[in-house]
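Biologist: Hi! Could you walk me through this one? I'd like to hear about the pocket, then the helices and the cores.

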Amino acid sequence: RVGPFFTQEHLHKLVDEICAQSGKLLEVVNYNVQDFQYIVTGHISNLKVLDAVLGDIKKAPHKAIQEAPANIAKHIAFFLQPANAASPLERGVATIPLPGVDVPFHSRYLLGGVPRFREYLMMKIKPEDVDVQVLEGKYIPNLVARPFSLTKEYAQSIYDITQSKVYKAQVLDVWDEAKEDKQLLAYRLLIELLAYQF
């Protein structure tokens, strides 16, 4: 909604700059449609700053992108004032808040819970419960923004995002062996995808 000139790279630079200047969490956590729709989570004041800066960029694209660091500092100062900090997060020209979501889901802030959630999933879902044909070609959560596949490229894309040592040891480090048992491979991919939906 910012404009066709605003890319994923622009968004990441903007999010990183806001996070660096504020010292508070702000992170792109879902990649729904490249260069068009993303989910960003973080501290409420940072979400307000992101909304304000994206609004600036939509109004005056090239000038606002160049002046983004200064605009970020200005908006951070504004939203740190108690009266402005208490205001609710509202729909902006380029943002839509998700009502009821009050935790930084999928973010690095919650990564410490992933191992326990993975264990829980493994207790509830068994390899024999997984239907490979049902999963293939479907979006099984939006961690990698690609349809589920038993290819090494897909398996690698999961690792590229999660950097999970457990997953790497069970799948990528033993790929030639892992790819032979499609049922177990699908199970391990599914568990990893779900574990990071924490």
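Modeller: Happy to. One term before we start: a pocket here is an open set of grid points with protein on both sides within 12 Å along at least five of seven lines, and its lining residues have an atom within 4 Å of a point. Also keep in mind that this is a predicted model.

Biologist: Thanks. So which residues lie nearest the centre of the largest pocket?

Modeller: Tyr38, Ile39, Val40, Thr95 and Ile96, out of 38 lining residues. The volume of this pocket is about 1,000 Å³.

Biologist: And which element gives the most to the lining of the largest pocket?

Modeller: That's strand E2 (37-42), with 6 residues. H1 and H2 also supply at least two lining residues each.

Biologist: Let's switch to H1. What span should its 15 residues have?

Modeller: Helix H1 covers residues 8-22, and at 1.5 Å a residue it should span 21 Å; its end C-alpha atoms are 21 Å apart, so the two agree.

Biologist: Which residues of H1 are buried?

Modeller: Leu11, Leu14, Val15, Ile18 and Cys19. They sit on the same side of H1, because they cover an arc of only 130° around the axis. Glu9, Lys13 and Ala20, on the other side, are exposed.

Biologist: What covers the buried residues of H1?

Modeller: The cover includes strands E1 (26-33) and E2 (37-42), along with helices H2 (44-59) and H4 (68-80).

Biologist: Now the largest nonpolar core. Which residues touch the most other members?

Modeller: Phe148, Ile158, Tyr167 and Leu189, in a core of 29 residues. Several helices each supply at least two residues, among them H6 (114-124), H8 (152-162) and H11 (182-195). H11 gives the most, with 8 residues.

Biologist: What does isoleucine 158 touch, leaving out residues up to four places away in sequence?

Modeller: Leu143, Val144, Tyr167, Leu189, Glu192 and Leu193. There's also a second, separate core of 24 residues, which includes Leu26, Leu47, Val53 and Ile72.

Biologist: Back to H11, then. Which helices do its buried residues pack against?

Modeller: H6, H7, H8, H9 and H10. The buried residues of H11 include Leu185, Tyr187, Leu189, Ile191 and Glu192.

Conventions
Residues numbered from 1 in each chain as written. Predicted model: local features only at pLDDT ≥ 70, side-chain atom pairs only at ≥ 80, totals over all residues. Heavy atoms only, no water. Core = buried A, V, L, I, M, F, W, Y, C linked by side-chain atoms within 4.5 Å. Buried < 20%, exposed > 50% of the residue type's maximum accessible area, 1.4 Å probe, protein only. Helix = DSSP H or I, 4+ residues; strand = E, 2+ residues; numbered from the N terminus. Contact = heavy atoms within 4.5 Å. Expected span 1.5 Å × (residues − 1). Arc of directions from axis to C-beta. 1 Å grid on protein atoms, 1.4 Å probe; cavity = no way out; pocket = protein on both sides within 12 Å on 5 of 7 lines; lining within 4 Å. Points joined across faces, edges and corners; volume = space filled by probe spheres on them.
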